[in-house]
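This briefing goes through selected local features of one protein model, grouped by topic. Please keep the sequence and the structure at hand while reading.

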Amino acid sequence: MSEKFSPTLRLGDLSDFIAPSQACVVSLKGLKAIPKKPEPQVLAANTHQTEPVKISLKDCLACSGCITSAETVMLEKQSLDEFLSNINKGKSVIVSLSPQSRASLAAHFGIPPLKVFKKLTTFLKSLGVKAVFDTCCIRDLTLIETCHEFIARYKQSQANDVEKSKSLLPMLSSSCPGWICYAEKQLGSYILTYISSVKSPQQSMGAALKHHICQTMGFRPEEIYHVTVMPCYDKKLEAAREDFVFQVESNDGIHADESLCIPEVDCLDLWGNIRFDTGEVKLKEIDFKTLEDSPLDRQLTNLDEQGHLYGVSGSSGGYAETVFRNAAKVLFGREIDGPLDFRIIRNSDFRELSLESTVKVKTRKCDYQYVEVMACPSGCLNGGGQIKPKAGQSPKELIKSLETVYMEDVLEADPFKNPLVKRLYDEWLEYPGSEKAKRHMHTGYHPVVKSITAQLHNW
């Protein structure tokens, strides 16, 4: 594994990479592979041409072979052509923009994140996109659901049933699809029970758009084509999970139409900014900096009355910080204001925060009650889909630049006070942890059984 990763991430048993000398278990040239030394009777039975082989994202997710080295074969439904095709078909295309992608463009072009957002809105709407939303709004909702789940788990862990409480804490974060993929494929049921059931902001945005917001916009779920701009390639795998496909209700509004199943996220087409830098913008012969600023779509965008963006400060979502503050307030009656003093353990990627020094509480000898796990060193700002360093710029310098620009012109705000999230609960989800919230904002995880072929590769 690349030496750029921290020592802990350089695990010897990872099977998500295949060397160039190895081959995918399915032929990538469109035809099923023919054995080198087939039996005579097999030759006689297979003289006709074989059918073309289709490889989907789901196939690659379930394989323990080459999801990083053969991504080009699994993007048929998540491509620029597909994105433009759906616009031409008259679909109502809605784009969700992550704050990390916004920061990447801001650092690259040297303009504030708010201006990036407005110019990007201009460009996308010139292509025919109906609306461009900020995922920070739905991220606030996922933070609230995560805090509620943690408090519930903590209280249950105090019960007398020791065996049951062992599977509740520590609670592990669930927003990073690379981490989830690794946990399902390598760690299985041993670890999955500890992972938060809350969906990532990407998938929560898809659920909100297709189960609720589409109605307020006058569309049916199947008329929406949802595209996300994310900093991470693994978001493509996340969008393709069968857990995030649902049946659309029939016209009577009661029964599900079994013949019509649609995904929450249709396309992570824009390759985490790369195409905006080197492809789409230049293909259209547009100078991104000179684009006009368009008004932002406020329905699902964290924008206050004065026109300022707002959200949490954590560049990977702020999960650890938000859960810590909420738990300190709800469980121990302590309001914690100002920056949190994280203690670095091994390096900057390993940090911890404790309330023990002030409240003298230790729970069941478990030092880590909530653990935020990210697959990429330095978190989401360093995602594989972010714009790469400029000539002469080191990766460390780029990360420092991204960390600086990430909250530029963005007001730090408490997700529990977000008026847009409050409206979503009032109009749709009712309250944190409700049955509707569990149905639309939460999910489950499943151990992935390795194929015999993949195991032989490792052997």
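A residue counts as buried under 20% relative accessible area, as exposed over 50%, and as partly exposed in between. Ser378, at 31% relative accessibility, is therefore partly exposed. The model is a predicted one.

**Backbone geometry**

- Most residues other than glycine have a negative phi, and most peptide bonds are trans.
- Ser378 has a positive phi, near 70°, although this residue is not a glycine.
- Ser378 sits in the loop that runs between β10 and α16 (395-406).
- Glu430 is another non-glycine residue with a positive phi, in this case near 75°.
- The loop between α17 (419-429) and α18 (435-441) holds Glu430.
- Glu430 has 46% relative accessibility and so counts as partly exposed.
- A cis peptide bond, with omega near 0°, leads from Leu169 to Pro170.
- Pro170 belongs to the loop between α7 (162-165) and β3 (171-172).

**Aromatic pairs and cluster**

- How many aromatic pairs does the structure hold? There are four aromatic pairs.
- A pair of aromatic rings is described by the distance of the centres and the angle of the planes.
- Phe150 and Tyr154 have ring centres 6.3 Å apart and planes at 40°, so this pair is tilted.
- Phe150 and Tyr154 are both buried.
- Phe150 also pairs with Tyr370, and this pair is edge-to-face, with 6.3 Å from centre to centre and 90° between the planes.
- Because Phe150 is in helix α6 and Tyr370 in strand β10 (residues 370-371), their pair ties together parts 220 residues apart in sequence.
- The relative accessible area of Phe150 is 4%, so Phe150 is buried.
- Tyr370 is buried as well, with a relative accessible area of 14%.
- One aromatic cluster is formed by Phe150, Tyr154, Phe332 and Tyr370.

**Thr146 in helix α6**

- Helix α6 (residues 136-157) also contains Thr146.
- Is Thr146 buried or exposed? Thr146 is buried, because its relative accessibility is 1%.
- Leaving out residues up to four places away in sequence, Thr146 touches Met171, Ser196, Val198, Tyr319, Val323 and Tyr370.

**Contact of helices α4 and α5**

- The axes of helix α4 (residues 99-109) and helix α5 (residues 113-127) come within 8 Å of each other and cross at roughly 100°.
- Angles of 65 to 115 degrees count as roughly perpendicular, and α4 and α5 are therefore placed in that class.
- On the α4 side, the contact is made by Arg102, Leu105 and Ala106. On the α5 side, the contributing residues are Pro113, Val116, Phe117 and Leu120.
- By class, this contact of α4 with α5 has six nonpolar residues, one charged residue and no polar ones.

**Cysteines**

- The structure has zero disulfides.
- Cys181 is in no disulfide, and the nearest cysteine sulfur belongs to Cys176, 9.9 Å away. A disulfide would need the two sulfur atoms within 2.5 Å.
- Cys181 has 7% relative accessibility and so counts as buried.
- Cys147 is likewise buried, at 2% relative accessibility.

- Helix α10 (residues 201-216) contains His211.
- Which side of the cut-off does His211 fall on? With 19% relative accessibility, His211 counts as buried, since buried means under 20%.
- Apart from neighbours within four places in sequence, His211 is in contact with Phe246, Trp428 and His440.
- His211 and Trp428 are 217 residues apart along the chain, and their C-alpha atoms are separated by 9.1 Å.

Terms used: Residues numbered from 1 in each chain as written. Predicted model: local features only at pLDDT ≥ 70, side-chain atom pairs only at ≥ 80, totals over all residues. Heavy atoms only, no water. Helix = DSSP H or I, 4+ residues; strand = E, 2+ residues; numbered from the N terminus. Buried < 20%, exposed > 50% of the residue type's maximum accessible area, 1.4 Å probe, protein only. Contact = heavy atoms within 4.5 Å. Axes fitted to C-alpha atoms, helices over the stretch in contact; angles between N-to-C directions. Parallel < 35°, antiparallel > 145°, perpendicular 65-115°, else oblique. Nonpolar A, V, L, I, M, F, W, Y, C, P; charged D, E, K, R; others polar. Phe/Tyr/Trp six-rings, centres within 6.5 Å; stacked < 30°, edge-to-face > 60°.
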